[in-house]
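Here is a short briefing for a first look. Please keep the sequence and the 3D view open as you read.

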2 protein chains.
Amino acid sequence: MRLPVQRARQVCPVEVAVSVLGGAWKLTVVKHLFDGPRRFGELGRLVPRANRKTLTRQLRELEEDGVVARTVHEQVPPKVEYSLTELGRSLHPVVTAMDAWGEHFEARTASQRPA
Amino acid sequence: MRLPVQRARQVCPVEVAVSVLGGAWKLTVVKHLFDGPRRFGELGRLVPRANRKTLTRQLRELEEDGVVARTVHEQVPPKVEYSLTELGRSLHPVVTAMDAWGEHFEARTASQRPA
DNA sequence: CTGTATCCGCAGTGATACTG
DNA sequence: CAGTATCACTGCGGATACAG
């Protein structure tokens with residue numbers, strides 16, 4: 001397991017969750033995977049600000065932590081699909097709560113929005 | 001508002017929530033504040049791995065984002081209390097979900113625990 | 001199409017010492 | 001007690017080019 005996660009264990013369960021899910025775009029990816037399996041390129045389009053390397057790293061960490069499953073279809077051209085594991089699907093309440101709060105936060109600070 | 005939050009707005013509400021709450025020890029602090037107002041030193045003891053500088057920064061960001069309120073009591077010695085704002089209290093579902101998932105994750109990976 | 005390799009900047013985190 | 005100042009490090013996140 002990754003070191004930040006290990007450290008978080010010594011403090012609080014919420015900190016563990018943050019360590020596993022707090023990386024850039026991770027929860028966004030998980031959210032989209034609730035709509036069904038997605039290919040690498042699809043995720044890249046759904047999370048436009050994440051470049052390939054970063055997206056690959058986040059997916060590998062999510063895979064390492066048992067949240068997503070990676071399926072390679074032996075084809076030419078290659079096709080790789082990502083889907084949620086059972087542990088990943090158990091994130092549904094978290095994603096729902098975070099999504100709702102994010103919207104609430106945005107609405108509350110709408111006056112500070114630049115454009 | 002902080003830049004990471006601004007960037008997250010362009011992607012997804014869950015990413016906004018991660019940007020606001022994803023800092024080290026932030027959700028742990030919020031969780032403890034649900035038990036009532038806490039002084040700076042108390043929070044330092046409740047989150048043992050956070051040093052003063054880091055804890056100060058996280059609290060300032062949470063204050064800036066309207067999640068916590070900072071109350072200075074003009075005394076000698078000084079006394080500063082942190083409490084949740086209404087926006088902070090609206091985090092209750094998030095903290096509950098994250099805490100439960102963190103425990104679930106720990107239980108599931110207990111075999112990999114080092115000590 | 002789905003990656004990897006290389007290089008890089010810097011924000012986030014921290015240790016330590018000092019201050020009102 | 002509740003911070004701030006200073007210095008430093010690490011690794012995340014990213015740009016770009018290459019590969020199977």
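The points below cover the annotated domain, the sheet and its helices, and the surface near the DNA.

This is a predicted model, in which local features need pLDDT of at least 70, side-chain atom pairs count only at pLDDT 80 or more, and totals for chains, interfaces and linings use all residues. Residues are numbered from 1 along each chain as its sequence is written, chains are lettered from A and ligands numbered from 1 in the order in which they are written, and side-chain values use heavy atoms, with hydrogens and water left out.

**Annotated domain**

- UniProt lists residues 12-110 of chain A as "domain: HTH hxlR-type", in an unreviewed entry.
- UniProt positions are given in the numbering used here, feature names are shortened, and annotations may be inferred rather than shown by experiment.
- Over residues 12-110, chain A is 59% helix and 14% strand. The end C-alpha atoms are 32 Å apart.
- Helices (H or I, at least four residues) and strands (E, at least two) are DSSP runs, numbered from the N terminus.

**Sheet and packed helices**

- In chain A, 3 strands form an open sheet in the order S1-S3-S2, with antiparallel pairing. Two strands pair if DSSP finds at least two bridges between them.
- Strands S1 (38-39) and S2 (68-73) of chain A stand at the edges with a single partner strand each, so one side of each is left without a neighbour in the sheet.
- S1(A) is joined by 2 bridges to S3 (residues 79-84) of chain A. A:Arg38 stands opposite A:Tyr82 in S3(A).
- Helix H3 (residues 26-33) of chain A packs on the sheet and touches S1, S2 and S3 of chain A. The direction of H3 makes about 90 degrees with that of S3(A).
- Helix H5 (residues 52-64) of chain A also packs on the sheet, touching S2 and S3 of chain A. The direction of H5 makes about 115 degrees with that of S2(A).
- Contact means heavy atoms within 4.5 Å. Axes are lines fitted to C-alpha atoms, for helices over the stretch in contact, and angles run from 0 to 180 degrees between N-to-C directions.

**Surface near DNA strand D**

- DNA strand D is surrounded by 25 residues (a heavy atom within 4 Å). The closest are A:Asn51, A:Lys53, A:Gln58, B:Arg70 and B:Tyr82.
- H5(A) gives the largest share of this surface, 5 residues.
- A phosphate oxygen of DNA strand D is 2.6 Å from a side-chain N or O atom of B:Arg70. For A:Gln58 that distance is 2.9 Å.

Conventions: A polar contact is a pair of N or O atoms within 3.5 Å; within protein, one must be able to donate a hydrogen and the other to accept it, and residues adjacent in sequence count only if both atoms are side-chain atoms.
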